[in-house]
Amino acid sequence: MKQDLRIIKTKDSLRHALLALLKQKPLETITIAELCREATINRGTFYLHYKEVHEVFREYLEVIVEDLKQSYEEPYYKTNYHIQNLEADMIKIFHHVKKYKDFYQIIFDERIPMMYYYLLFDTVRSFMKESIEEHFELDHSIQLDYLISYQTNAILGILIEWHRHGYETSIQELNQHLITILSINSPVRKMQ
């Protein structure tokens, strides 16, 4: 079922307003009144869709994470989980970050509470774990939880480094760097 264009525009306005406010202050201190002012909507309209400001953030995070998950998994689908067949132009994760750059600028800002990073970390970690458990065989000398945390931090670390460089490195160059990194022996291999 297609969503009403007015609802889409309202939610989009609230998300953009929330991002603007998050650049100035923590989520816990943002009020519904100031969010509505920033989004140029009235409180009644806000309450048609949400009960509190946290719900706006949570819903937006879900949208972003779903897109991130698809971007992360797409190269695996294209190679049938044979990572050695991965080509640079198959990688979509950097396209995703560029699309949601305003969000990532907030998440990776050193002045922002770590809670946001951990929210992202836990979400990415959960879909990486799902993918590894479903499609790969693990070297039994490595504990899965540590491997998943390592790989999650590796991906987020590359994104943070890109953030520190002001997102100036081209996506093609980042894809090539990632291919080089992934070509180093991995403790997981495709299930037969």
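User: What share of the contacts between residues at least 6 apart in sequence join residues at least 24 apart?

Analyst: In this predicted model, 65% of the contacts between residues at least 6 apart in sequence join residues at least 24 apart. A contact here means heavy atoms within 4.5 Å.

User: Which elements make up the protein chain, and in what pattern do they follow one another?

Analyst: The protein chain has nine helices and two strands. Along the sequence their pattern is α-α-α-α-α-α-α-β-α-α-β. The C-alpha atoms fill a box of roughly 55 × 40 × 30 Å along the principal axes. Of the 192 residues in the chain, 43% are buried.

User: How should I read burial in a helix, and which residues of H2 are buried?

Analyst: As a general idea, an α-helix has 3.6 residues a turn, so residues three or four places apart point the same way. In helix H2, which covers 32–39, the buried residues are Ile32, Glu34, Leu35, Cys36 and Ala39. These buried residues pack against H1, H3 and H4.

User: Is Thr10, in helix H1, buried or exposed?

Analyst: The cut-off for buried is a relative accessible area under 20%. Thr10 has 13% and is therefore buried. Thr10 belongs to helix H1, residues 5–22. Leaving aside residues up to four places away in sequence, Thr10 touches Ile41, Thr45 and His49.

User: Which residue just after H2 takes a positive phi?

Analyst: Thr40 does, with a phi of about 55° just after H2. Thr40 is not a glycine. Its place is the loop between helix H2 (32–39) and helix H3 (43–49). The cut-off for exposed is over 50%, and Thr40, at 70% relative accessibility, therefore counts as exposed.

User: Where in H4 does a kink lie?

Analyst: The kink is at Tyr72 and amounts to about 25°. It comes shortly before the proline Pro75. Just after H4, Asn80 takes a positive phi of about 55°, and Asn80 is a residue other than glycine. Asn80 sits in the loop between H4 and helix H5 (93–99). With a relative accessibility of 48%, Asn80 counts as partly exposed.

User: What are the corresponding values for Glu110 and Tyr146?

Analyst: Glu110 and Tyr146 are 36 residues apart in sequence and 25 Å apart in space, C-alpha to C-alpha. Glu110 is in the loop between helix H6 (101–107) and H7. With a relative accessible area of 69%, Glu110 is exposed. The C-alpha atoms of Asp122 and Glu134, twelve residues apart along the chain, are separated by 18 Å.

User: Finally, how should I read a pocket, and which residues line the second largest pocket?

Analyst: A pocket may be described by its volume, its lining and the classes of the lining residues. The second largest pocket has a volume of about 160 Å³. It is lined by Ile107, Phe108, Asp109, Glu110, Ile112, Pro113, Met114, Tyr117, Ile160 and Arg164. Helix H7 (114–135) and helix H8 (144–164) each supply at least two residues of this lining.

User: How many residues of each class does the lining hold?

Analyst: The lining of the second largest pocket holds seven nonpolar residues, three charged residues and no polar residues. The exposed Glu110 is one of the residues in that lining.

Terms used. Residues numbered from 1 in each chain as written. Predicted model: local features only at pLDDT ≥ 70, side-chain atom pairs only at ≥ 80, totals over all residues. Heavy atoms only, no water. 1 Å grid on protein atoms, 1.4 Å probe; cavity = no way out; pocket = protein on both sides within 12 Å on 5 of 7 lines; lining within 4 Å. Points joined across faces, edges and corners; volume = space filled by probe spheres on them. Helix = DSSP H or I, 4+ residues; strand = E, 2+ residues; numbered from the N terminus. Nonpolar A, V, L, I, M, F, W, Y, C, P; charged D, E, K, R; others polar. Bend = angle between axes of the 7 residues up to and from the residue. Buried < 20%, exposed > 50% of the residue type's maximum accessible area, 1.4 Å probe, protein only.
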